[in-house]
Amino acid sequence: MFYKALVNKKFDEIKPVIVLGLKNICVGSYDEAETLFSYLKNEIVNFKHKYSSEGEDFHNDIFVFMAYLNFLVHYGKTWKLINNKKFGDSWCSLQDSLDLLRVLKKFGLKTEKYNHLLFFEHQLLNLEKLYPYNVFFSIGAIADEVICSICGKDINTLECPHIMGELYNGVMASGIAKGLTELNHVAMVKHPADKRCVVQYQDTEEQFKFVRFLANSLISKEISPFDFYEIKITDKEIPNPDYIKLRRNEKCFCGSNKKFKNCCINKVTVKGGHISIVPEFRTPEELMT
Amino acid sequence: MDIMDDKNEVTDIYIENKNFLDFLSQGAKGIAIINKDNTSSEETVMQPDTGDFLKWLKKNHPSVDVLPPKPSRQLVLRSNDFWLPLVYLCNDVTLPIYLNFVSSYLYDKSKNLLKGESSRVHFTAIYQNKDGKVKKFKFEGDTNSLEKTIKKFDLNKFMED
């Protein structure tokens with residue numbers, strides 16, 4: 001998983017606890033899973049301090065290790081929130097999980113090489129499709145300067161040797177915008193940096209019907225989180241909710257002013273999207289091999 | 001950037017640009033990074049990925065002269081797209097070469113993408129064609145669209161244009 005043999009050895013040591021945490025998620029013991037993963041995070045913090053004199057590769061590995069454990073925490077939290085029908089919050093936790101998967105991919109943990117990461121990537125991208133969000137809000141602002149979080153210099157000049165998003169001795173360089181004095185615009189976009197900026201719906205609203213269906217399946221133990229693999233969206237004929245059977249020569253119910261017989265008489269059903277959950281049954285042990 | 005931000009758009013048009021010609025007349029080489037006009041005021045601002053692209057060029061193509069932009073305020077966007085700066089291409093860096101630089105940059109920056117995700121990029125380059133006329137090339141689109149554009153702009157066809 002990692003560059004340094006020392007870190008790989010540590011990973012092998014804690015792997016059984018990771019499997020136990022995933023088993024807890026499987027059976028709906030989300031709090032127990034979170035406790036285990038938090039314990040592992042502390043373990044790695046102590047491990048890092050013990051070997052603090054190791055070089056940059058070690059510290060970068062530890063960064064990735066912590067990102068991996070944080071991913072597991074947010075993964076469990078996502079399912080817990082869905083189970084508890086906190087759909088708005090579960091979307092944010094899902095985005096936390098996906099962002100952490102992107103970090104893991106960027107720094108060498110190719111999901112194709114690791115069975116369980118490949119599974120999580122596929123599963124969570126499909127889970128996203130159950131939510132009602134297709135459009136997001138994105139601001140544009142003017143900053144006086146953007147400072148490097150590591151050296152404090154302007155990150156857009158050659159005086160700063162750091163590149164945003166790269167690791168330096170276990171720390172990721174980021175740009176801190178200073179002097180945001182002008183809001184330039186707000187845009188509605190499909191590809192935001194942050195998918196959390198969405199129109200808020202109440203958890204009880206119709207927009208969450210597909211996630212609610214999944215939550216009900218989890219609560220009734222019909223499926224567990226690990227059974228959900230992907231969704232299939234197909235067209236299906238469904239009863240037209242607006243259909244009213246009228247006499248043939250009456251004005252049509254749709255408001256077109258035409259006669260019913262020349263308008264919606266045959267629209268008893270309409271095409272509607274139908275979502276099927278496609279399961280793929282795997283145990284945590286199978287995933288972690 | 002708006003709700004229709006899935007569109008792919010390529011334009012390559014003749015323009016008049018005295019600043020660019022003055023710049024060339026100074027005997028410049030390589031690529032010059034220029035700040036863009038802020039649409040809401042008269043100042044120029046730096047595009048979001050200017051510094052990152054500048055450092056990438058310096059690291060990966062050290063033999064290419066790159067003139068950094070003048071210090072200015074920066075446009076900060078919460079967008080997943082890549083917003084590259086306006087560049088002037090001197091005669092030793094042709095448009096097809098620059099397009100390949102951009103393509104390589106996108107490839108390096110896209111290693112964190114999840115399955116099904118793709119990068120989008122926005123950039124503009126001003127250059128002089130074979131006949132000494134100034135052209136502005138503007139691109140907005142995803143990596144697939146950029147690859148198709150690069151194929152259309154193969155070097156031989158470009159020199160005949």
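The questions below go from the contact between the chains to the fold of one chain and then to single residues.

Modeller: Before we start, this is a predicted model, in which local features need pLDDT of at least 70 and side-chain atom pairs count only at pLDDT 80 or more, while totals for chains, interfaces and linings use all residues. Residues are numbered from 1 along each chain as its sequence is written, chains are lettered from A and ligands numbered from 1 in the order in which they are written, and side-chain values use heavy atoms, with hydrogens and water left out.

Biologist: What area do chain A and chain B bury between them?

Modeller: Taking contact as heavy atoms within 4.5 Å, the interface draws 40 residues from chain A and 36 residues from chain B. Buried area is the accessible area (1.4 Å probe) that two parts lose on being put together, summed over both. Of that area 53% is on carbon and sulfur atoms, and the total for chain A and chain B is about 3,200 Å².

Biologist: Which three residues supply more of the area that chain A buries against chain B than any other three?

Modeller: The three in question supply 20% of the area that chain A buries against chain B. They are N156(A), L158(A) and H191(A).

Biologist: Which element of chain A gives the largest share of the side that touches chain B?

Modeller: Helices (H or I, at least four residues) and strands (E, at least two) are here DSSP runs, numbered from the N terminus. On the side of chain A that touches chain B, α4 (87–106), α5 (115–128), β1 (136–148) and β4 (175–189) each supply at least two residues. The largest share, 9 residues, comes from β4(A).

Biologist: Which residue of chain B forms a salt bridge with D144(A)?

Modeller: A salt bridge is a side-chain nitrogen of Lys or Arg within 4 Å of a carboxyl oxygen of Asp or Glu, and the rule finds 3 of them across the interface of chain A and chain B. In the one formed by D144(A), the closest N and O atoms are 3.5 Å apart, and the partner is R73(B).

Biologist: Is K105(A) buried or exposed?

Modeller: K105(A) belongs to helix α4 of chain A, and a polar atom of its side chain lies 3.0 Å from the backbone oxygen of L113(B). The classes are buried under 20% relative accessible area, exposed over 50% and partly exposed in between (1.4 Å probe, protein chains only). Because its relative accessible area is 9%, K105(A) counts as buried.

Biologist: Which residue of β6(B) is the bridge partner of A141(A)?

Modeller: Strands of a sheet pair through backbone hydrogen bonds, either parallel or antiparallel, and two strands pair here if DSSP finds at least two bridges between them. In β6(B), the partner of A141(A) is V76(B).

Biologist: How far apart in space are V134(B) and L21(B)?

Modeller: V134(B) is found in strand β9 (residues 134–142) of chain B and is buried, with a relative accessible area of 5%. Leaving aside neighbours within four places in sequence, V134(B) is in contact with residues including I13(B), F20(B), L21(B) and I126(B). V134(B) and L21(B) are 113 residues apart in sequence, and their C-alpha to C-alpha distance is 8.1 Å.

Biologist: What is the phi of K221(A)?

Modeller: Most residues other than glycine have a negative phi. K221(A) follows α6(A), lies in the loop between α6 and β5 of chain A, and counts as exposed at 61% relative accessibility. Although K221(A) is not a glycine, its phi is positive, at about 65 degrees.

Technical notes:
Polar contact = N/O pair within 3.5 Å; in protein donor to acceptor, adjacent residues only side chain to side chain.
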